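Dear colleague,

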Amino acid sequence: MAEYSPAGLFIADHVGRITYCNDTWYEISRVPKEREKTDRWIDYVKEEDQNLIREHWKRLVNNAAAINVEFRFKAPWEDRNRNKNDTWVLFSAFPEKDESGQLKSVFGSITNISPQKWAEGFQKRKMEEAVELKRQQENFIDITSHEMRNPLSAILQCADEISTTLSAFRASGSQTISDSVVSDSIDAAQTIALCAQHQKRIVDDVLTLSKLDSAMLMVRCFDTLVVFTANSKCR
């Protein structure tokens, strides 16, 4: 059963020297099948996780209590789709006591949890990308709203100026429009036209980005007709 087990099984003494382990243990840890290297299996654990192992092993020996800990081996993990990650294992060890209650040996196993850890990391990256995308969209909306508001304010001011000037002319009862009134009204109307053109350019740019994101815009790149999306490159 030990030889066919999908988990890496081992028996160790109180200082952590391996007295027995199955082939799966070697496959997961990538420790060479040599006596000296097997006894120094902790050297094949990532440096930043070695102290964690020592602390838990010390607690197992001193308290004769089972331990469960996750750590990484130095050898990289890779799945059939060439996705790479650290080799994560779930390390479980259980003490065997003698008649006096003293630690006799340690039985344990290591289970390869690298696929689960990769999936967790992948999900975390997707969440971070979604949060970043939302932040960028909010910034885009803020910038667009700001750019739209500036010409809109000028349009309202110029429209109010034209309305006020013409209302004052009507109230005066005069039959002749002065050159200053005509000039001011023309300037205000031209300002309105310029601001409207500016707003139109902003709206056109927003619509273009929307078409790019929806893959609805056809462009020619290096004499080859291609479809661009928001995150694609010319190919």
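A cavity, as the word is used here, is a set of grid points where a 1.4 Å probe fits but cannot get out, and its lining residues are those with an atom within 4 Å of a point. Please keep in mind that this is a predicted model.

With that definition, the structure contains one cavity of 30 Å³ or more. The volume of the largest cavity is about 30 Å³. Its lining consists of F10, I18, W25, W41, F71, F73, F91 and I110.

On the surface, there is a nonpolar patch formed by F140, I141, V206 and L209. Together these residues have about 330 Å² of accessible area. Two helices contribute to the nonpolar patch: helix 4, spanning 114-172, and helix 5, spanning 179-213, each supply at least two of its residues.

V206 counts as partly exposed because its relative accessibility is 31%, a value that lies between the limits of 20% for buried and 50% for exposed. S185, by contrast, has a relative accessibility of 17% and therefore counts as buried, since buried means under 20%.

Which residues does S185 touch, not counting those up to four places away in sequence? The contacts of S185 on that basis are I162 and T165.

With kind regards

Definitions and conventions
Residues numbered from 1 in each chain as written. Predicted model: local features only at pLDDT ≥ 70, side-chain atom pairs only at ≥ 80, totals over all residues. Heavy atoms only, no water. Patch = residues over 30% accessible without salt bridge, like charges linked within 9 Å, V, L, I, M, F, W, Y side chains within 5 Å. Areas by Shrake-Rupley, 256 points an atom, 1.4 Å probe, with all protein chains shown as cover. Salt bridge = Lys/Arg side-chain N within 4 Å of Asp/Glu carboxyl O. Helix = DSSP H or I, 4+ residues; strand = E, 2+ residues; numbered from the N terminus. Buried < 20%, exposed > 50% of the residue type's maximum accessible area, 1.4 Å probe, protein only. Contact = heavy atoms within 4.5 Å. 1 Å grid on protein atoms, 1.4 Å probe; cavity = no way out; pocket = protein on both sides within 12 Å on 5 of 7 lines; lining within 4 Å. Points joined across faces, edges and corners; volume = space filled by probe spheres on them.
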